[in-house]
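Colleague: I have a model open here and would like to go through some of its packing with you. Could you show me the structure before I start asking?

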Amino acid sequence: MEPVHRPSRFEVLMERLSKWFENLGAFTYDHKGLVIIGALLLLGISVFFTYKVRFDNSFESYFEKDDPAYVTYLQFRKDFGSDEIAYILYEAPEKTHGAWDLEVIKQIARLTDALENEVPFVKEVTSVYNAEFIEGKDDELLIHAILDPFPQTQDELLAIREKVMKKPLLVGTLISKDGRYGAILMEMEKSSVDAQETLIFDPARGTDMDNLYPQVTNDAIERILARPEYKSIQFHYTGDVPLGSVYNRITRSESTRLGIIAFSVIGALLLFFFRKPLAVIGPLVIMLMAILSATGFAGMMGWKLDLMFTMLPGTLVTVGVASAVHILTGYTVFQKKLKDKRSAIRKTMLLVGVPCLFTMLTDVAGFGSTNISPITAIQHFAFYSAIGVMMGFLLTVTLFLSVLPMFDFLPESAPSAEDKSAPGNGVSRKKPFSVRFFAGLSRFDSRYYWKITIAWTLFFILSASGIAFLTVDSNLLTEFSEDVPIRKTTEFVDEVMIGAGGFNYIFDSGKPDGISDPEFLKRVDRIQSRIDEEKELVMKTMSVVDLLKDINQSFHGEDPAYYVLPESRELNAQYLLLYEMSGGEKLETYITGDQRMVNLEVHAKLVPSSIYKKVTDSINEFIEKNYDESSRPILTGSGFLWVQLIEYIVQSQIFGFSLAFCIIAIMMCLVLGSIRIGLLAMVPNLAPVLVTLGFMGWAGIPLDYVKLLVASIAIGIAVDDTLHFILRFRLDFQHTRNYQQALESSLNDVGRAIFITTLALLAGFSVNLLSVMNSISEFALLTLITLSVAAIADYFLTPALIIGLKAFGPEKDEKPVNKYS
């Protein structure tokens with residue numbers, strides 16, 4: 001006589017929860033109007049707050065306001081103003097004298113005036129037409145525009161060129177070393193980190209993206225450069241303004257474009273498998289409302305949307321539709337069996353309600369675990385994506401259930417696949433392919449479970465060994481695909497002139513007027529010379545040291561031997577005073593008003609942040625070796641902030657994934673009622689993540705602030721199907737006490753739903769491969785690899801482990817009929 005099984009408290013809890021979902025199904029069926037009104041109210045609130053959201057890809061999107069590196073950067077901006085620029089490189093290859101052709105220079109003069117007078121939010125526009133030129137005459141310092149007076153002949157212009165080419169401050173900034181290229185430098189009075197209300201151009205148009213800096217500034221520049229009068233000049237336009245504008249607009253357009261494609265692809269799959277319009281319209285409407293809920297939550301919190309939001313629509317519709325698929329699959333089966341819609345709803349929710357709840361919670365854990373990242377954009381993404389997942393589940397088990405029975409989803413007269421092939425019904429048709437396939441798969445898994453386990457183990461070890469070669473890196477420029485024009489333009493300019501990136505060192509003399517101290521200036525000069533040695537990154541450095549050297553050389557007949565710093569405090573102070581009295585206007589760029597602090601500008605290429613880190617670490621090592629702490633400059637600027645992101649990525653990737661794994665493992669143990677089975681279920685989902693990270697190492701794909709989400713999110717998504725499968729496998733085993741029979745039965749019922757949800761996941765994430773942002777498309781590729789491996793593992797490795805370890809207990813000799821078959 002068999003011992004009576006006494007259910008544990010947890011089993012009682014799960015049974016009560018299943019009954020609750022069964023009653024919820026009945027409630028949604030009986031109170032359709034109430035459910036629909038509640039959903040419409042939620043939709044209205046979401047739309048209201050969605051209207052308030054704005055896009056912003058500035059550093060404010062990545063750093064907390066009290067982040068030390070960000071605080072230092074804001075103080076730097078307060079002392080020296082915005083460091084954002086627009087940079088226009090130009091050439092005239094068809095002209096004999098190129099950029100120094102007289103007619104070209106006349107056009108550049110008109111262009112300089114147009115840019116200064118017509119472009120909003122511009123502080124100063126500098127070109128060879130109006131740049132400061134310093135000359136010494138007797139005891140007098142002369143400061144005037146380079147082309148004042150304007151040359152009347154080509155020979156006069158060429159004579160001026162010879163004088164300009166002797167000025168280090170101008171060469172590499174406004175004119176290339178070979179004289180072929182010229183440049184226009186536009187300094188901005190605003191920065192993307194400024195308060196949004198200060199970035200509005202036309203108050204009547206409000207905060208529309210196209211009415212904000214940098215978009216409105218970029219548009220004005222592009223319109224001017226496109227004028228026919230400048231058609232003989234080739235422009236290469238880059239800098240913070242166009243890069244920020246393109247970035248913001250891509251973020252906005254990609255989220256819409258990729259979202260629409262994802263909806264279409266998922267809709268097509270649902271239509272193919274379920275052949276009913278409601279199977280398409282219902283889940284997609286639910287996911288659209290979930291996306292609006294997530295976006296509305298961001299708006300309610302006052303958050304700005306950034307590049308991370310681009311992934312939200314496709315991700316939510318892909319992940320969220322899984323619950324609808326399991327409900328649809330169960331409902332179609334029970335509608336045919338029970339011949340009653342209300343009963344079919346109740347039976348469906350009794351079986352799939354709890355698994356869907358816990359898969360939703362694992363998804364939330366996967367997304368939510370990224371909240372520990374110190375990167376603000378990822379913190380926000382963690383919150384609003386988790387909200388979207390939860391709202392998608394809530395709407396699926398309420399609104400979708402309430403409208404599902406309104407339609408004859410499948411004709412009740414249509415015989416099921418089981419009916420067609422059952423013995424005694426007079427039909428000799430072969431079993432459907434899916435039934436035959438899963439039967440063969442169950443036999444294969446049951447026969448070769450140890451070989452399967454060993455093969456997967458070897459595969460994981462080989463793949464995961466690539467983790468040793470995994471690097472952490474980020475590059476704003478290469479986030480754009482090569483199809484985005486601004487990328488090629490910027491790469492070209494980086495090789496010719498000052499570079500589109502950079503960072504700053506701030507020196508503190510310790511007291512007002514302290515910068516005139518010769519020893520202090522020598523320290524600045526020595527460190528600046530050391531930075532100039534980093535040719536891999538640095539294109540040009542500029543500081544008050546260069547200005548003083550220029551003045552000194554000018555007072556000594558432009559003799560290059562005198563391009564050195566004066567030896568006395570008095571002479572330094574006198575030079576600075578003479579410079580200001582003679583009309584010089586560049587001091588505020590290099591020193592603070594009290595002449596205490598110096599800004600050393602480092603103009604650099606837009607290259608991977610790992611190179612920035614390597615170079616700045618090398619420079620800082622030199623500084624620490626040669627100067628005590630009180631004499632060391634402070635590193636800041638936009639380039640340094642990108643370096644800071646590397647450290648944050650390393651921290652959050654390791655801890656975030658560990659947190660997600662632990663939370664999901666605990667959930668699996670709870671819902672499965674067994675620590676042993678729960679941890680076993682994590683093996684097929686941990687291994688694919690290791691495979692993906694190993695693939696990144698072998699393929700040389702760096703881990704950046706977007707791709708760091710792969711591990712945490714993928715494990716939360718991948719575990720969903722594992723949970724559905726194990727719950728059903730165990731339930732069938734409890735009735736058959738035979739692993740092969742239970743496996744075949746569970747695969748016949750749940751295997752199809754897993755196949756559909758996996759296809760939906762792969763199709764949905766593959767849409768992001770179409771993104772013009774490399775970080776997004778590579779994220780999609782890596783997620784596809786992870787989910788594909790996880791799905792294959794669910795069909796092979798999970799059954800092999802369960803059978804091999806006898807996870808559900810011993811089999812019995814007798815083989816009772818499975819009541820679910």
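Modeller: Here it is, and please keep in mind that this is a predicted model.

Colleague: Is β2 mostly covered or mostly open?

Modeller: Strand β2, residues 85-91, is mostly covered, since seven of its seven residues are buried. I85, Y87, L89 and E91 point one way from the strand, while A86, I88 and Y90 point the other way, and all of them are buried.

Colleague: Switching to helices, what span should α2 have, and what does the model give?

Modeller: Helix α2 has 19 residues, 32-50, and at 1.5 Å a residue it should span 27 Å; its end C-alpha atoms are 27 Å apart, which agrees.

Colleague: Which residues of α2 are buried?

Modeller: The buried ones are V35, A39 and S46. They cover an arc of only 30° around the axis, so they sit on the same side of α2. On the other side of the helix, L34, I37, L40 and L41 are exposed.

Colleague: New topic: how many aromatic pairs does a search of the whole structure find?

Modeller: The search finds 37 aromatic pairs. One of them is the edge-to-face pair of F309 and Y384, with 6.1 Å centre to centre and 65° between the planes. F309 lies in the loop between β8 (304-305) and α9 (312-338), whereas Y384 belongs to helix α11 (residues 376-403), so the pair ties together parts that are 75 residues apart in sequence.

Colleague: Are F309 and Y384 buried or exposed?

Modeller: Both F309 and Y384 are buried. Elsewhere, ring pairs link F725, F729, F733, Y739 and F808 into a cluster.

Colleague: Last one: which charged residues lie over the faces of F133 and F274?

Modeller: K167 lies over the face of F133, at 5.2 Å from the ring centre, and R752 lies over the face of F274, at 5.8 Å from the ring centre.

Conventions
Residues numbered from 1 in each chain as written. Predicted model: local features only at pLDDT ≥ 70, side-chain atom pairs only at ≥ 80, totals over all residues. Heavy atoms only, no water. Helix = DSSP H or I, 4+ residues; strand = E, 2+ residues; numbered from the N terminus. Expected span 1.5 Å × (residues − 1). Buried < 20%, exposed > 50% of the residue type's maximum accessible area, 1.4 Å probe, protein only. Arc of directions from axis to C-beta. Phe/Tyr/Trp six-rings, centres within 6.5 Å; stacked < 30°, edge-to-face > 60°. Lys NZ or Arg CZ within 6 Å of the ring centre and 35° of its normal.
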